[in-house]
Each structure stands twice: as structure tokens, then as C-alpha cells.
Amino acid sequence: VQLQASGRGLVQAGGSLRLSCAASGNIFSLHAMGWFRQAPGKEREFVAAINWNGHNTFYADSVKGRFTISRDNAKNTVYLQMNSLKPEDTAVYYCAAGPSGSRRSDHYAYWGQGTLVTVSS
């Protein structure tokens with residue numbers, strides 16, 4: 001599975017942005033998908049995850065109620081809708097694929113290249 005993230009951008013605080021992650025290969029629908037982020041000088045952290053059929057989603061407390069993860073298996077794509085963005089959401093965002101939805105990055109076998117999101121105050 002190869003992953004290609006897109007949707008990078010600069011947005012003002014309070015604004016919205018949607019990230020997409022397109023997967024190659026015909027086994028996308030068998031994988032749970034996750035989004036992680038890494039801010040400058042910080043470790044990579046969990047943001048959100050969704051199971052293979054989209055029926056179960058998980059969020060970090062810091063984004064709960066503001067971010068929504070979804071997927072379209074027909075398009076081999078997972079999305080991260082980010083609303084009410086804050087300067088502390090500034091980071092490189094990574095999508096990842098794994099056998100089950102997890103908050104742990106080491107549970108994901110496949111990673112996209114990352115896309116930069118910058119939120120100005």
C-alpha cells in the first residue's frame with residue numbers, strides 16, 4: 001500500500017482545512033487508517049483513526065469535536081476534516097495504514113510522506 005497525502009496549506013486560526021490521503025493498491029478497504037502529526041521539536045502524535053469499514057472512529061482529546069476522519073473505500077481515500085483550527089495544530093500531518101485502528105504509531109505498517117499544515121494566529 002502506498003499513500004499520498006494532500007491538502008497542505010496556511011490557514012488562519014478558526015479556519016478549516018481538509019486533508020486527503022489516497023492509497024494505491026486494491027487492499028485499502030482491508031486496512032484501518034490513521035492520521036498523526038508532528039510539530040517542530042516534538043514527537044509524532046496520534047490525531048485520529050478509522051477502522052476498515054468506517055464504522056468506528058477514534059480521536060485524540062486535543063482534536064475531539066473539531067476534527068473528523070472519514071473514508072471512501074470506493075476511492076481508496078481517507079480524509080481529515082479540520083475545523084476551528086488553532087495555532088497549536090500547526091504540524092506535518094501523516095496518514096498511515098495498518099491492520100487495526102490504533103493510537104500507536106508502531107501499529108501502522110504504511111505511511112504517507114506528510115503534508116504541512118500551518119495555522120496562523
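A residue counts as buried when its relative accessible area is under 20%. Keep that cut-off in mind for the views below, which all come from a predicted model.

**View 1. Val 78, tucked away in strand S8.** Val 78 is part of strand S8, which covers residues 77-82. Its relative accessible area is 0%, so Val 78 is buried. Look past the neighbours within four places in sequence, and Val 78 still has contacts with Leu 19, Ser 20, Cys 21, Phe 28, Met 33, Trp 35, Ile 50, Ile 69, Ser 70 and Arg 71. Arg 71 is also a bridge partner of Val 78. As for Val 1, it sits 77 residues away from Val 78 in sequence, yet the two C-alpha atoms are 13 Å apart in space.

**View 2. The open sheet that holds S8.** Here four strands line up in the order S1-S3-S8-S7, with antiparallel pairing. S1 and S7 are the edge strands, each pairing on one side only. From one strand to the next, the twist averages 15 degrees. Zoom in on S7 and S8 and you'll find six bridges joining them in the antiparallel sense.

**View 3. Two loop residues with positive phi.** Most residues other than glycine have a negative phi. Asn 76 isn't a glycine, but its phi is positive, at about 55 degrees. You'll find Asn 76 in the loop between strand S7 (67-72) and S8. Ser 84 also has a positive phi, near 50 degrees, and isn't a glycine either. Ser 84 belongs to the loop between S8 and strand S9 (91-98). With 41% relative accessibility, Ser 84 is partly exposed.

**View 4. Thr 115 in strand S11.** Strand S11 spans residues 115-120 and includes Thr 115. Is Thr 115 buried or exposed? Its relative accessibility is 4%, so Thr 115 is buried. Setting aside neighbours within four places in sequence, its contacts are Ala 5, Ser 6, Gly 7, Arg 8, Leu 19, Ala 91, Val 92 and Tyr 93.

**View 5. The largest nonpolar core.** This core has 34 residues, and Trp 35, Leu 80, Met 82 and Tyr 93 are the ones that touch the most other members.

Conventions
Residues are numbered from 1 along each chain as its sequence is written. This is a predicted model: local features need pLDDT of at least 70, side-chain atom pairs count only at pLDDT 80 or more; totals for chains, interfaces and linings use all residues. Side-chain values use heavy atoms; hydrogens and water are left out. Buried means under 20% relative accessible area, exposed over 50%, partly exposed in between (1.4 Å probe, protein chains only). Contact means heavy atoms within 4.5 Å. A nonpolar core is a set of buried Ala, Val, Leu, Ile, Met, Phe, Trp, Tyr and Cys residues joined through side-chain atoms within 4.5 Å. Two strands pair if DSSP finds at least two bridges between them. Axes are lines fitted to C-alpha atoms, for helices over the stretch in contact, and angles run from 0 to 180 degrees between N-to-C directions.
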